[in-house]
Amino acid sequence: MPFADELLGVHAAETLTRCIRNALPEHPLHALPRTTEPFDGLSLRERSDVLRDALLADIPDDYATLARVIRSAADSEPTFTGWLIWPVTSAVAVRAAAEGTDASFDDAMSLLAELTGRLTSEFAIRTLLRHDLDRALDIVRGWTASPDAHVRRLASEGTRAYLPWAVRVPGLLSRPTATIGILDALYRDDSEYVRRSVANHLNDLSRDSPGLVVETARRWLDAPAPTTNALVRHALRTLIKRGDPQALALLGFAPASVQIDGPLVTETRVAWGADVGFTAVIRNTGPANARLAVDYVVHHRRANGTLTAKVFKLATTDLAPAPEFTIDRRHPSRAITTRRYYPGEHAVALQVNGVTTPPVRFELLPPPE
């Protein structure tokens, strides 16, 4: 992931200022030029907010003027694209919501659709969804028939319950069925870009409404496109990791008669930054072939000494009666940006078709002094 300076830094601020000055030559800009000072210590979202607020301060206080200037810049400035579009779309949504008229709201939705292909309008649309959810969703449903894949993807991505980096929309959280019609219109889409968003959207819903997600996926599998199986597998990934029996059954992972020897850790004391190795053997003891979803669970030690489980994908296999499936895996304990490690007791377990083995403990040694 590039650093924030590379995405919304001085260059982006200078480009945005130049584009707006060219689109509004009769009006002096005061706030935007000052944003070209370094954004030291600010996150990407905070930088976007700074540029959004400067844009709103510099353009006279009505929605129509802002929309006219933005469209003029979009029509005439080839550099009016990329990450600088995030604060632009945010300004459009904030100004329209503040003005509070149906005309400004509808035009802002249209302008977000026009701009989304230049980066994405998925963050900005949240402001309008929060302002008038039903009116926004009515417009979004129309986007599902757009010839532009970016707009169709916006219909799904912008209405996700747990869109990363975005503010939550309480109405979407309290009404999980509100966006199912949008997904129904898009799950067979020709564009993988759109279908990926649909799968991620449905996966978001699984956090709070697993039954709705399984029911929706089942309907799609009853009327599939050639791409539907892959989409559903991606959409159900969180439920599969949780061992949800309905999701597992939908993908063909029925309860199985298996014998699991392991996991056995290859080192009970693991050096700081090293990998923990483990092995296991799974035998099908039933009379028929068994389709198995095999994951492993690492119980990470937290700062307060408690353990928290995280599931990792391992393998999918079809195992005939009697044959064995052998596992030999190493899991890294090196610190990454999304996970910190703490010395002390950890554990590893296997999860087969949602059934988890007892955890096997190992000790992560302190870092060398």
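Q: Which residue just after helix 6 takes a positive phi?
A: Gly100 does, with a phi of about 75°. Bear in mind that this is a predicted model.

Q: How many residues does helix 6 have, and how far does it reach?
A: Helix 6 covers residues 85–99, which is 15 residues. From its first C-alpha to its last it reaches 21 Å, close to the 21 Å expected at 1.5 Å a residue.

Q: Is helix 6 mostly covered or mostly uncovered?
A: Mostly covered, with twelve of its 15 residues buried.

Q: Which ones are buried?
A: In helix 6 they are Ile85, Trp86, Pro87, Val88, Thr89, Ser90, Ala91, Val92, Ala93, Arg95, Ala96 and Ala97.

Q: What do those buried residues pack against?
A: Five helices: helix 2 (10–23), helix 4 (44–58), helix 5 (63–76), helix 7 (102–115) and helix 8 (125–131).

Q: Take helix 5. How do the axes of helix 5 and helix 6 cross?
A: The two axes come within 9 Å and cross at roughly 160°. Angles over 145 degrees count as roughly antiparallel, so helix 5 is roughly antiparallel to helix 6.

Q: Left-handed or right-handed crossing?
A: Helix 5 and helix 6 cross in the left-handed sense.

Q: Which residues meet there?
A: From helix 5, Tyr63, Leu66 and Ile70. On the helix 6 side they meet Val88, Ala91, Val92, Arg95, Ala96 and Glu99.

Q: How many bridges between strand 3 and strand 6?
A: Nine, with strand 3 being residues 275–284. One place to look is Ala280, which stands opposite Ile327 in strand 6.

Q: And strand 9, does it run parallel or antiparallel to strand 2?
A: Parallel: two bridges join strand 2 (residues 269–270) to strand 9 (residues 360–364). Arg269 stands opposite Glu363 in strand 9.

Q: What about strand 7 and strand 9, which sense is that pairing?
A: Antiparallel, over five bridges, with strand 7 spanning residues 344–352.

Q: Which residue in strand 9 is the bridge partner of Gly344?
A: Leu364 is the partner of Gly344.

Technical notes:
Residues are numbered from 1 along each chain as its sequence is written. This is a predicted model: local features need pLDDT of at least 70, side-chain atom pairs count only at pLDDT 80 or more; totals for chains, interfaces and linings use all residues. Side-chain values use heavy atoms; hydrogens and water are left out. Two strands pair if DSSP finds at least two bridges between them. Helices (H or I, at least four residues) and strands (E, at least two) are DSSP runs, numbered from the N terminus. The expected span of a helix is 1.5 Å times one less than its number of residues. Buried means under 20% relative accessible area, exposed over 50%, partly exposed in between (1.4 Å probe, protein chains only). Contact means heavy atoms within 4.5 Å. Axes are lines fitted to C-alpha atoms, for helices over the stretch in contact, and angles run from 0 to 180 degrees between N-to-C directions. Angles under 35 degrees count as roughly parallel, over 145 as roughly antiparallel, 65 to 115 as roughly perpendicular and the rest as oblique. A crossing is left-handed if the near helix is turned anticlockwise from the far one by less than a right angle, and right-handed if clockwise.
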